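Welcome to this guided tour.

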Amino acid sequence: MTRLPLTRDEKQKFIDQYAERLQKSQAVVVLRNNGLTVAEITALRKKLRDADAMFQVTKNTLFKIALRNSQFPTPENMFVGTVGVCYFTGPIQTSTKLLLDAMKDQKKLELVGALLPDDVFGADEVKRLVDLPTREQLLAQLLGAVQGPATNLVGVLQAPLREIITVLHARSEKAAEEEAA
């Protein structure tokens, strides 16, 4: 089967599609595709859909053109060989964790890096991103940090009152015993 080169209109359709997806994305993870089958790509896409992420094998030159017109930087060294990208439209950390879990099962994918608006992360930095606490965990930690001293302050302020009540209670019991005797 002979494959004809893409026409100018076909190339522009690819660029427009990439640009639309980039516009909706909070981050883009670049993966080297080392021979995934169609069934494996379909399984990966199904897993990623749950985390508001989408995987797509790209045409490097056309994708870089779309990147230049987006909020993302265009690192030339990431787009060498057969490359695919994951568009993250949901929480970045959740999507990254799900992607890395899916990659453990899939030895044919290699993490190249990630693009955030105005920033580029290498593969190691992306892996460290998963270890950061989520927004909810950070809020819980902050609440605990604020709530702990406040609870201690209330305890300290209530301690003299408890002591006075204890003394008064003991005196009333002693007075009751003296009257009974």
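**Stop 1: E110.** Select E110 and show what surrounds it: leaving aside residues up to four places away in sequence, E110 touches V30, L31, R32, N34 and M103, where contact means heavy atoms within 4.5 Å. Before going on, note that this is a predicted model, in which local features need pLDDT of at least 70 and side-chain atom pairs count only at pLDDT 80 or more, while totals for chains, interfaces and linings use all residues. Residues are numbered from 1 along each chain as its sequence is written, and side-chain values use heavy atoms, with hydrogens and water left out.

E110 belongs to strand 4; helices (H or I, at least four residues) and strands (E, at least two) are DSSP runs, numbered from the N terminus. Is E110 buried, exposed or partly exposed? With a relative accessible area of 36%, E110 is partly exposed; buried means under 20% relative accessible area, exposed over 50%, and partly exposed in between (1.4 Å probe, protein chains only). Now draw a distance from E110 to V83: they are 27 residues apart along the chain, and their C-alpha atoms are separated by 9.4 Å.

**Stop 2: the strands.** Select strand 1 (27-33) and strand 4 (109-116). These two, strand 1 and strand 4, pair in the antiparallel sense over six bridges; two strands pair if DSSP finds at least two bridges between them. Look for V30, which stands opposite G113 in strand 4. Six of the seven residues of strand 1 are buried, so this strand is mostly covered.

Click on V29 to find C86 of strand 3 opposite, then on A27, whose bridge partner in strand 3 is F88.

Strand 2 and strand 3 pair in the antiparallel sense over five bridges, and Q56 has V85 as its bridge partner in strand 3.

Stay with strand 3 and show its side chains. In a regular strand the side chains alternate between the two faces of the sheet. Here V83, V85 and Y87 point one way, while G84, C86 and F88 point the other way, and all are buried. Because six of the six residues of strand 3 are buried, the rest of the structure largely encloses this strand.

**Stop 3: helix 1.** Select residues 8-24, which make up helix 1. At 1.5 Å a residue, its 17 residues should span 24 Å, and the end C-alpha atoms are 25 Å apart, which agrees; the expected span is 1.5 Å times one less than the number of residues. Which residues of helix 1 are buried? Color I15, Y18 and L22, which are buried in helix 1. Seen down the axis, the buried residues fall within an arc of 65 degrees, so they line one face of helix 1; the arc is that of the directions from the helix axis to the C-beta atoms. Turn to the other side of helix 1 for the exposed D9, K13, Q23 and K24. The cover over the buried residues of helix 1 includes strand 1, strand 2, helix 3 (60-68) and strand 3.

**Stop 4: the rings.** Show F14, Y18, F63, F79 and Y87, a cluster linked by ring pairs. Rings of Phe, Tyr and Trp (its six-membered ring) pair if their centres lie within 6.5 Å; planes under 30 degrees apart count as stacked, over 60 as edge-to-face and the rest as tilted. By this rule the count is four aromatic pairs. One of them joins F14 and Y18: it is tilted, with 6.1 Å centre to centre and 35 degrees between the planes. F14 and Y18 are four residues apart in helix 1, which means about one helical turn separates them. F14 is partly exposed, at 26% relative accessible area, whereas Y18 is buried, at 0%.

**Stop 5: helix 2.** Finish with residues 38-49, the twelve residues of helix 2. Color I41, L44 and L48, which are buried in helix 2. They cover an arc of only 60 degrees around the axis, which puts them on the same side of helix 2. The face turned away from that buried side carries the exposed V38, A39, K46 and R49.
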